[in-house]
Amino acid sequence: MPMWATEGAAIRLTGELDTLEADLDAANRVLFQGLDGPAKAESLGQVLRMRNKFDALAASALSAFEVTQEHRHEGHGSVVAWAKTHGHAKGPEVTRLRRLAHRVRDMPRVEGALRRGEITDEHVAVLHRAYRLLGPSSFEVLEEPLVDSAVDLRFSDFERTVEYVIVRAAPAGADERA
C-alpha cells in the first residue's frame, strides 16, 4: 500500500523510491560471476521478475504524471518530451512505458500480475489485443484464466492460447475492426 505524505501543497511518495534506489545501488555492486550455477539462475530469475515490477512502477508514475499534465508546466508537449529532457531517455522507451500504462488501466488482473513481476509488457500487449477484440465484458470474464496462462505457460504457448480464445470467443469480424 502506498505511503503518502504532504509537504505544503505537494503530495509525494515518502522515501520508498530513495530506499529502492539505494538498495539497487547495493545490488549493482554484487559480483555474480563468483556465484555457482544455481545461484546465478536464481539471481537472473529474480532480476527478470524485478524488471517487470519496475516496468509496472514506471508505468504507474508516468501515468500519474501525464494525467495531471505536469510536463506542460515547463512547456513540454508530452510526457515523452519531458522524459527525453529530464531523464535522458530515448523516445521509444518512454513511449513503450506510456503504452503499457494505457493498456493496463482497464485490465486490473493484468496490472496486478505485472506489478507482481509475473508477466512482461509483451504479455500485456497480447492480452490488450484480446481485450480490444473480445470487448470489455467478455474479456472481464476471461481475464483471470488468460492471466493464469500468461503466468504458467511459455510465451509462445501463451500467445497460441490467447489466439485460440480470440478465435473461439470473438464476435465475427472483430479482427478486422481492431
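**Close-up 1. Arg96 and its partners.** Glu93 is partly exposed, with a relative accessible area of 36% (buried means under 20%, exposed over 50%, and partly exposed in between, using a 1.4 Å probe and protein chains only). Its side chain meets that of Arg96 in a salt bridge (2.7 Å, N to O), a term for a side-chain nitrogen of Lys or Arg within 4 Å of a carboxyl oxygen of Asp or Glu. Arg96 and Glu93 are 3 residues apart in helix α4, so about one helical turn separates them. Arg96 also forms a salt bridge with Asp55, where the closest N and O atoms are 3.0 Å apart. This pair links distant parts of the chain, with Arg96 in helix α4 (residues 91-104) and Asp55 in helix α2, 41 residues apart. Helices are DSSP runs (H or I, at least four residues), numbered from the N terminus. Arg96 is buried at 16% relative accessibility, and Asp55 is buried at 7%.

This is a predicted model: local features need pLDDT of at least 70, side-chain atom pairs count only at pLDDT 80 or more, and totals for chains, interfaces and linings use all residues. Residues are numbered from 1 along each chain as its sequence is written, and side-chain values use heavy atoms, leaving out hydrogens and water.

**Close-up 2. A pair in helix α5.** Here the side chains of Glu111 and Arg115 meet in a salt bridge (3.2 Å, N to O). Both residues lie in helix α5 (residues 108-115), 4 residues apart, or about one turn of the helix. Glu111 is partly exposed at 26% relative accessibility, and Arg115 is partly exposed at 43%.

Note on methods
Helices (H or I, at least four residues) and strands (E, at least two) are DSSP runs, numbered from the N terminus.
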